[in-house]
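Dear colleague,

I am handing over the structure below, and my notes on what was found in it follow after it.

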Amino acid sequence: MRGFIVLGQGFYSLNIPAVEEQKSLEHVGLLQIVSGEASVAKIEDELKNLVDDKWEWKVRKISDSEYVVVFPSKDILNAFSKSKGIELALHSISAKVFISKVDAETSSLLQTG
């Protein structure tokens, strides 16, 4: 941002640091709970059981029925997002996975009205 003059005050200038390039979000999915009682711990357990127990699943609750999940690969995320839904057997949870552009650190989403 350049500067501007305020009458009688002189010239002002603001230095704004450059915005860092946003990291890639290609493996972030939105898990929408269809039925069952879910929590971050339950979803992590289910995904470790179903997909990869060595992957550090980053699951974050953003609403009563939605969770942001970082998947280990784009292929796994694509496979889940193309299915009608997934059954998480350990805790009897049904869910649907969507590919998301949301940052993995998101804590909530504003709903459009």
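**Notes on the model**

L77 is buried, its relative accessible area being 0%, where buried stands for under 20% relative accessible area, exposed for over 50% and partly exposed for in between, with a 1.4 Å probe and protein chains only. This is a predicted model, in which local features need pLDDT of at least 70 and side-chain atom pairs count only at pLDDT 80 or more, while totals for chains, interfaces and linings use all residues. Residues are numbered from 1 along each chain as its sequence is written, and side-chain values use heavy atoms, with hydrogens and water left out.

L77 belongs to helix α2 (residues 74-82); helices (H or I, at least four residues) and strands (E, at least two) are DSSP runs, numbered from the N terminus. L30 lies 47 residues from L77 in sequence, and the two are 9.8 Å apart in space, C-alpha to C-alpha.

Strand β3 (residues 28-35) runs antiparallel to strand β5 (residues 66-70), joined by five bridges, and strands pair if DSSP finds at least two bridges between them. V28 stands opposite V70 in β5. With strand β7 (residues 93-99), β3 pairs in the antiparallel sense over six bridges, and there L31 faces V97.

Finally, K96 has its charged end over the ring of F98, 5.5 Å from the ring centre, the rule being that NZ of Lys or CZ of Arg is within 6 Å of the ring centre and within 35 degrees of the ring normal.
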